[in-house]
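I opened the model and kept short notes on what I looked up. Here are the entries.

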Amino acid sequence: CRMETCFDLERCRRTGFKVYVYPDSGEKSSENFRSILASLRSSNYYTSDPENACLFVPSYDTLDRDHLSSDYIHNLGAKISRLKYWNNGRNHIIFNLYSGTWPDYLEDLGFNLDEAILAKASFSDNYYRHGFDISFPLFGKTHPSTHGSGGFLKANYYPPRRKYLLSFKGKRVTQYKKNVKRKNIISYKGLGIHSDWLKSSKSSYASMTSKILINTLLWDYQSLLHNSTYCMVPRGRRLGSFRFLESLQAACVPVVLANGWKLPFAEVIDWSKASLAWEERLLLQVPGILRDIGDDQIMFYRQQSQFLWDKYFSSVDLIIRTTLEILRDRIYPELARPTYVWNTEPGPLFFQSTPGNPPATYPFYYDVQGNGVVDNAHVTSSRPFPPNNAYVVILWHCGKTPVPEARWRLLVPQDGGKEIPIRVVDDHPKVMSRRFEPRSFLAPVVLSLDDDVTLNVQEIDFAFDVWRSFPDRIVGFPARSHYWNSSKSKWVYTSKWSNSYSLVLTGAAFIHSYYLRLYSEWLPDKLRHQVDETSNCEDILMNMLVSHVTRLPPIKVTQKKQYKDTSAATEQTNHGGVLSRWSDPRHFAERQTCMWNFEEWFGYMPLVSSATRFDPALYKDNVAITRKRFPKIEI
């Protein structure tokens, strides 16, 4: 089978990439399979209408097809073939972790796949249909459903070599009681190897590791992972092994000894950058070769292993999302993400590809691709502020009729005798999230301004210069922060002055226009609905999104005056005074609730604190004003 012969591509081009999950079958199902279905149903690609679906997923648990397992479903082939839209398996996908049974563990599911795509763990090259099937990772019953733990590498310690050169965990089977398995750790000190080894009379490993036996209680497996430079991953009962993902998370470079194993998502992941594949017959050469690998290469392996774990394997949800993105790239090759994107931060899940836009045009690839940053910007504002910009865009959210463009032009200065174009957009519906609606006329960078901002030309010019050096960050003026409240065990939003910040308000900030697209298309509707309902928190959500993508803080630049709210968003107090929205405790209560809800969706707190502020050269230095490029910032 190939996508061209066993998959209805025309259906997907007609309906879009939508995934339909059949209703509950009533059969028993494992926790992992329920996690898979939950992830599919929460996906942006999910549809409850089978007529509009491109891809179909049976609700029968197909993960464990070992007939000795308690999760095995009998007569599965007949049950699946009766599905309403089965159509010989066309446009269906089957997920599987365990195939075959004792003693041979052949790659047999016990039913006919027909034309269905198989996403299977422990895939052999001999059975893998290239460009059609998907090599799935093998994960255990306790693998997190969502928001899994990150990689264990928390700092780039150098040199990267650890206490042990190589380690392995397995099971030793005695010759006299083959059904009794005992864990033993075997230390071959001459080679610097620590291993919990599978020892049998037929094992080629036994001769190398049978010198010293140590009781398992003397060693902790997690400790071994943390203290080993390399982790050996030989085949288990099947080609795949749980050791692979365990070593990946621990930044212990996997040494794979499983001839013919199609590594997980090998179609898009370059595993040569994070692991070593070794011929089983050349096992005895492994220690010598590993010693010859330099420290720089080891560090590269470890860093890449953490990237792959965090982006693709840390939870069942990420594994399913990766599977769907691979299928989407196959179905729409004109939108397919290049291999470079799959193997480089921040990964493909944040790469919303469009024809004609290579990776170098995206904010997080400017540095690594060496692409120049644009010299012009667009202003998205409620009042014009045009210096050094291509043109001004005014998003009119007021309930009254927009002011005619002719009146706006009176406020816009000439640019070298040439009138700066101005465009007024009477935006509908008038909701807060529309502020970050991606628009075809926007340049790569947007200067987002509120109608109460008071900034001069040089302040904006300097901020733009800073943004050109950091196009992947939010660069702006007013900042806020968050901190951990240990008594409440919660993150707290604050506007109080401090020596650090983690948010830059989008009321006066430069933002790459690509983040507007992620905000509108990648984030779930429920988060944007909360912003619209409260007319608040859009800046918090945008900051959390950008920090989630980049794992970096925003950047604050200096300004002449402090940022104050002078907008009409005020109300009368009981004593006849006027209460600013920024002084209203309900306003901050809303923002606090927003932060908690957003954090819950991201699964962690993505905001990153910073104590850095960018000032112009010679800022407030006691030198002649003519020597300063931006003197009006401090006058």
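Predicted model: local features only at pLDDT ≥ 70, side-chain atom pairs only at ≥ 80, totals over all residues.

Entry 1: My search of the whole structure had turned up five cavities of 30 Å³ or more.

Which residues line the second largest cavity? I listed Ser 167, Phe 168, Lys 169, Tyr 221, Leu 225, Cys 231, Met 232, Arg 243 and Ser 247. I then noted the elements that give two or more residues to this lining: strand E6 (164–169), helix H6 (221–226), strand E12 (228–234) and helix H7 (243–249). E6 provides the largest share, three residues. I sorted the lining by class and got five nonpolar, two polar and two charged residues.

**Entry 2: a sheet.** Next I traced an open sheet of three strands, in the order E3-E4-E5, with parallel pairing.

I checked the pairing of E4 with E5. Strand E4 (residues 117–120) is joined to E5 by two bridges, and the two run parallel. Lys 120 stands opposite Ser 135 in E5.

**Entry 3: the whole protein.** I counted 18 helices and 29 strands. Of the 635 residues, 55% are buried. I looked at contacts with a separation of 6 or more: 70% of them are between residues 24 or more positions apart. The accessible surface comes to about 29,600 Å², and carbon and sulfur atoms account for 50% of that surface.

Technical notes. Residues numbered from 1 in each chain as written. Heavy atoms only, no water. Pairing = 2+ DSSP bridges. Helix = DSSP H or I, 4+ residues; strand = E, 2+ residues; numbered from the N terminus. Buried < 20%, exposed > 50% of the residue type's maximum accessible area, 1.4 Å probe, protein only. Contact = heavy atoms within 4.5 Å. Areas by Shrake-Rupley, 256 points an atom, 1.4 Å probe, with all protein chains shown as cover. 1 Å grid on protein atoms, 1.4 Å probe; cavity = no way out; pocket = protein on both sides within 12 Å on 5 of 7 lines; lining within 4 Å. Points joined across faces, edges and corners; volume = space filled by probe spheres on them. Nonpolar A, V, L, I, M, F, W, Y, C, P; charged D, E, K, R; others polar.
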